[in-house]
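I wanted to look up what lines the pockets and which charged side chains pair up.

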Amino acid sequence: MNKKKLIAVDFDNTICIHDYPNIGEPLPLAFEVMKELQEAGHRLILWTCREGETLQNAINFCKENGVEFVSHNTNTKEDAYVWPSSRKVLADIHIDDRNIGGFPGWKKVREIILENKKSS
């Protein structure tokens, strides 16, 4: 089964090296794998503690690197009805450096989501 996923992606220490409030260097393979996820039909939400100007800077940085998100720190318009007043983002997968065991890196993300399609 190759169900398309809604994936929430953190920014600092997940897409880029942490340098808040600045934008750090991209982590290896971050933009490459996120583009592959989108090309495979998955939808990405930017899910970060950044807000205001620092959020807009992160959105712009990602767009400049070829990745645009379906929403930023909120549920998509299509999914907002599920939890209309919740701060919790509805997603099938959360990619974050605060996972149990830490962030496995983008090579592992590619392997789990894209290369092991039968297990998803």
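I sorted the lining of the largest pocket into three nonpolar, four polar and six charged residues. Here Ala, Val, Leu, Ile, Met, Phe, Trp, Tyr, Cys and Pro count as nonpolar, Asp, Glu, Lys and Arg as charged, and the others, Gly among them, as polar. The model is predicted, so local features need pLDDT of at least 70 and side-chain atom pairs pLDDT 80 or more, while totals for chains, interfaces and linings use all residues. Residues are numbered from 1 along each chain as its sequence is written, and side-chain values use heavy atoms, without hydrogens and water.

I noted 13 lining residues for the largest pocket, with Asp10, Asp12, Thr48, Cys49 and Asp97 nearest its centre. A pocket is an open set of points on a 1 Å grid over the protein atoms alone, where a 1.4 Å probe fits, with protein on both sides within 12 Å along at least five of seven lines; lining residues have an atom within 4 Å of a point.

Next I searched the whole structure for salt bridges (a side-chain nitrogen of Lys or Arg within 4 Å of a carboxyl oxygen of Asp or Glu) and got six. Asp97 turned up again, in a salt bridge with Arg98 at 3.8 Å between the closest N and O atoms. Arg98 is exposed, at 73% relative accessible area (exposed is over 50%, buried under 20%, partly exposed in between; 1.4 Å probe, protein chains only).

I also logged Lys108 with Glu111, at 2.9 Å from N to O. Lys108 is partly exposed at 35%, and Glu111 is partly exposed at 29%.
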